[in-house]
Amino acid sequence: MFDEIDYILEAQNAEKFASLYASIPRTGSCVKVPKIYWNFTRKTVLTMEWIDGIKLTDARRISEASLNKKQLIDQGLYCSLKQLLEEGFFHADPHPGNLVATDDGSLAYFDFGMMGDIPRHYRVGLIRMLVHYVNRDSSGLANDFLSLGFIPDGTDIQLVADAVHASFGDGSRQSNDFQGIMDQLYAVMYEFNFYLPPDYALVIRALGSLEGTAKALDPDFKVVESAYPFVIGRLLADPNPDMRKILRELIIRSNGSIRWNRLERLIAAISEQSSESANETPLTWKTFDMRSVVAATEDLFCFILSEKGWWVRVFLIQDIVKAANAFLEEEALPCIFNKQEAKERFDTEQSDALVMRLINGFRSLQQAISLAPEVWTAMFLRTLVKSDTHRFLLDIFLSLAVYSRNKMPEAFFRCISRLLHLLEKGYDFQEDT
């Protein structure tokens, strides 16, 4: 509290905040920080630039000024995530009284008395916890709590994991807003005597204030759901081993199997947002850099082909064999030729079918590759010339050969029969336009 009423310190905080966040190029974000007048500032006197603005809770004036509410939310969210997950120096009290919208659509920050500064270890831990929460990985969350010092050494991690798993319920209770997440975890925190380091307590305060401020503009705003593209972008762009490990945990389960649904959604998001960038839409913080995507993909391939990735290769071969069987099944055949039917099947009860995921995933991947073909081609060539790749391809070929000896003839003739039947009925194999 004594630090918070030291106006020399607050003025220094304001200038540091401005140097880090007030000028963020090529993001579509514009943040203003009042200029400090040092000649008129003392320990008990703070003199700043006057900035006219509209309180974010004043919906009428924001509408009259024709300000874009979604853009204001995106700017505030981007600035807050950059503070918490990249730089570490953050405004710990971004409530509606400390943020105003200016006439040009910028956000102006005030009151730099309560600031936090978290080291990289905690920032990476925050990202890891978010990924583990999205994956509903209770064991991963329990280990995060231990590594970050939330629970004392010697605590039975399995008991913590079981309590976290119970807090998830049947899945219907999983929330994507910050307050809902905290409500889910409060019982676990009290049961195991959680201790939050002071900087992390400020992080929780900042996230809660951020969500409350954003809800003043959009009552349906959910901070976790909205922050996810930023987190994925950080995982793809940061080549540090700890971030690469979190990216693998997002896509690969602890037993080595692939989370195909998450991989498919990730590829689709990369394809869609990169397409928007290629169409000369202004770059924003939600746009993926294709070179970073390719670099992350190559690192993932290297892990899968390494000695540590042998379990992943086992599950991949099993899934490839399942896919080969599915492509020859009579129910999958129409979807290969008709995009609309594939979409309908994907949106219905059969959405878990591996063939549907492969069809949609390959289409999205093809679109992403078309945006930077030379970068993807160079990466694929580097991967293909590796001896580890040759051995893995041989394993796939041998597995398919063993499978085909017993199953392929029957599936092949069933596929041909189905194809002839479709041709006889005049089935339309043209893709939708």
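Reply: A nonpolar core is a set of buried Ala, Val, Leu, Ile, Met, Phe, Trp, Tyr and Cys residues joined through side-chain atoms within 4.5 Å. Buried means under 20% relative accessible area, exposed over 50%, and partly exposed in between (1.4 Å probe, protein chains only). This is a predicted model: local features need pLDDT of at least 70, side-chain atom pairs count only at pLDDT 80 or more, and totals for chains, interfaces and linings use all residues. Residues are numbered from 1 along each chain as its sequence is written, and side-chain values use heavy atoms, with hydrogens and water left out.

The largest nonpolar core has 105 residues. Within this core, Phe17, Phe145, Leu235 and Ile251 touch the most other members. Helix α4 (residues 120–134) gives the most to this core, with 9 residues. Helices are DSSP runs (H or I, at least four residues), numbered from the N terminus.

Now Phe17. Contact means heavy atoms within 4.5 Å. Residues up to four places away in sequence aside, Phe17 touches Ala22, Val31, Val33, Cys79, Gln83, Phe89, His91, Tyr109, Phe112 and Met115.

Ser138 sits in helix α5 (residues 138–147). Ser138 counts as buried because its relative accessibility is 11%. Beyond its neighbours within four places in sequence, Ser138 contacts Ala161, Val164, His165 and Phe168.

Trp310 belongs to helix α13 (residues 310–328). At 43% relative accessibility, Trp310 is partly exposed.

Last, confidence. pLDDT is the predictor's confidence in each residue, from 0 to 100. The protein averages 80, and 79% of the residues score at least 70. Helix α1 (residues 7–21) is highest, at a mean of 94, and helix α15 (residues 339–347) is lowest, at 47. Where pLDDT is low, the predicted coordinates should not be read in detail.

Terms used. Helix = DSSP H or I, 4+ residues; strand = E, 2+ residues; numbered from the N terminus.
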